[in-house]
Amino acid sequence: MVTVDPALPPIAPAPSPSATGSPAPGHAEPGEGGLDALTLGRRIRDRRHRLGLTLDTLAAAVDRAPSQISMIENGKREPRLSMLRLIAAALNTTVDELLRTDAPTPRAALEIAVERAQRGPVFTALGLPRLRVGPGQPDETLQTILTLHNEIERLHRERAATPEEARRANAQLRAEMRARDNYFPELEAQALELLTAVGHSGGPVSHQVVADMAAHLGFSLHYVGDLPHSTRSVTDKRNGRIYLPTEQAASRDSRSPILQAFASHLCGHVEPGNYADFLRQRVETNYLTAAILLPETDTLRLLNDAKAARRISLEDLRDAFSVSYETAAHRFTNLATARLGIPVHFMKVHESGTIIKAYENDDVQFPSDALGAVEGSTVCRSWTARTVFDVPDRFSPWYQYTDTPAGTFWCTSRIEKAKEGDYSVSVGVPFAHVNWFRGRETPNRAVSRCPDESCCRRAPDELSGRWEGQAWPVARTPTSLLAALPTGTFPGVDPTEVYQFLEAHAPA
């Protein structure tokens, strides 16, 4: 016979089967996969304990083995509806009451959460042994386990969503750069201090001057042939060593990896905690590198003279300081608005039309996604950054005016090579500021109606009429299409590979 604790409040008698034929609204039928077996099991156990019943007593009341009832209470088995009715009747309650989605007590809620965590992918992936969740485990222990699990799960979710998080972080960073006209006076001051410390008196910064800077900061340079493939350099902070590759790509300035290696030291960077930190540190490192290679005072002297003569040219800036065209273009965007009063935009575009980098403070309308991210979007076919790829003369700068819905812009562009293919580097200004630049006399002009799809994102009607439904191209699908961006403290870098490299090269 089932006894009832008289201290408990009166409980409604067990309803007839017809009254419990359907679960409460919002519940799934038992056994159909929507049932919350863990919560159900805890509610059954809590009700049994409140009635002062043993497991054996409840099992006998429903004519089942105690082990079967134990599996139901532990959430390892979902009872059929007929069984659930018997259990509800034995516990003097209703099926609806047992199927409620809230835990019966705060302790039960904690136990349910820990059990659910142990059955999830995080515990499985880590290969952790199962912890028996019972009355002997203090609340504090269970809460600690749950907190650690939730943090690991959050990090996994963040990594899985890295492409979206990275785009958001990049859009925010670009907005901050625009707000300060891409000019960082604190980094300009650091560059000047370092140049002064090694006695640089003007002109191009030689490789020897860069080596003197490294020595001044306490670093020695070591060129090796086994640098980890995912790195451009590796700094051993413990022993004050900077490791660099013995072979440099023809398209890369051999000074830049050295400057980038100790620029993070100068900026006081610590290991990035998220993708936003990583992107910000990269911007600061590249800025300081360019500020050292093209010192502000010397660069402004050249640019102001060129502006007075209405002959500003990125080719002249590149040649005067023996840097790449891209570095000269980046440096021009640092100084153009803040120091010369010229609004500007910059683009680096792959030959496929995909934007790799972009910056603007002149109201040009870059293509972007719903998050405001520009990188990865496709540039209009009429923009200078795309038309330059159709120019037969790859040795001369390409100038062009482009009429857009946001106004007319003049741009100068060049093509450079990388292992990923050709890409264009373009710098442009609104029509009102073109009078300061060499190449403003160009007759080249194009019209862009983007983002109107009729501009270049939809095939012309005549072509569509002849070929729509008759073409079946095989797409060159990028391997990264469905993957998250590389993750880790330094995205894309294998820390084991780096540590093994340092271990092998550390001084005895």
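Which residue is the bridge partner of V349 in β8? Keep that in mind while we look around. A word first: this is a predicted model.

Let's start with the sheet. It is open and has six strands. The order reads β5-β4-β8-β7-β6-β9, and the pairing is mixed. At the edges sit β5, residues 355-360, and β9, residues 445-447. Each of those two pairs on one side only. From one strand to the next, the twist averages 25°.

Now back to the opening question. Strand β4 covers residues 345-350, and β8 covers residues 421-430. The two run antiparallel, joined by six bridges. In β8, the partner of V349 is S424.

Next, the helices. Helix α15, residues 314-321, packs on the sheet. It touches β6, β7 and β8. Its direction makes about 40° with that of β7. Then there is helix α16, residues 325-340. Helix α16 lies across β4, β5, β7 and β8, and runs at about 25° to β8.

On to the nonpolar cores. In general, nonpolar side chains of soluble globular proteins tend to be buried together. Here the largest core has 60 residues. Which of them touch the most other members? They are M213, F262, I292, L317 and F332. Helix α13, residues 275-293, gives this core its largest share, eight residues.

Take F332 as a close-up. Leaving out residues up to four places away in sequence, F332 touches L303, I312, L314, L317, L340, V344, V427 and F437.

One last stop. Another core, of 18 residues, lies apart from the largest one. Among its members are L40, V62, L91 and L98.

Terms used
Residues are numbered from 1 along each chain as its sequence is written. This is a predicted model: local features need pLDDT of at least 70, side-chain atom pairs count only at pLDDT 80 or more; totals for chains, interfaces and linings use all residues. Side-chain values use heavy atoms; hydrogens and water are left out. Two strands pair if DSSP finds at least two bridges between them. Helices (H or I, at least four residues) and strands (E, at least two) are DSSP runs, numbered from the N terminus. Axes are lines fitted to C-alpha atoms, for helices over the stretch in contact, and angles run from 0 to 180 degrees between N-to-C directions. Contact means heavy atoms within 4.5 Å. A nonpolar core is a set of buried Ala, Val, Leu, Ile, Met, Phe, Trp, Tyr and Cys residues joined through side-chain atoms within 4.5 Å. Buried means under 20% relative accessible area, exposed over 50%, partly exposed in between (1.4 Å probe, protein chains only).
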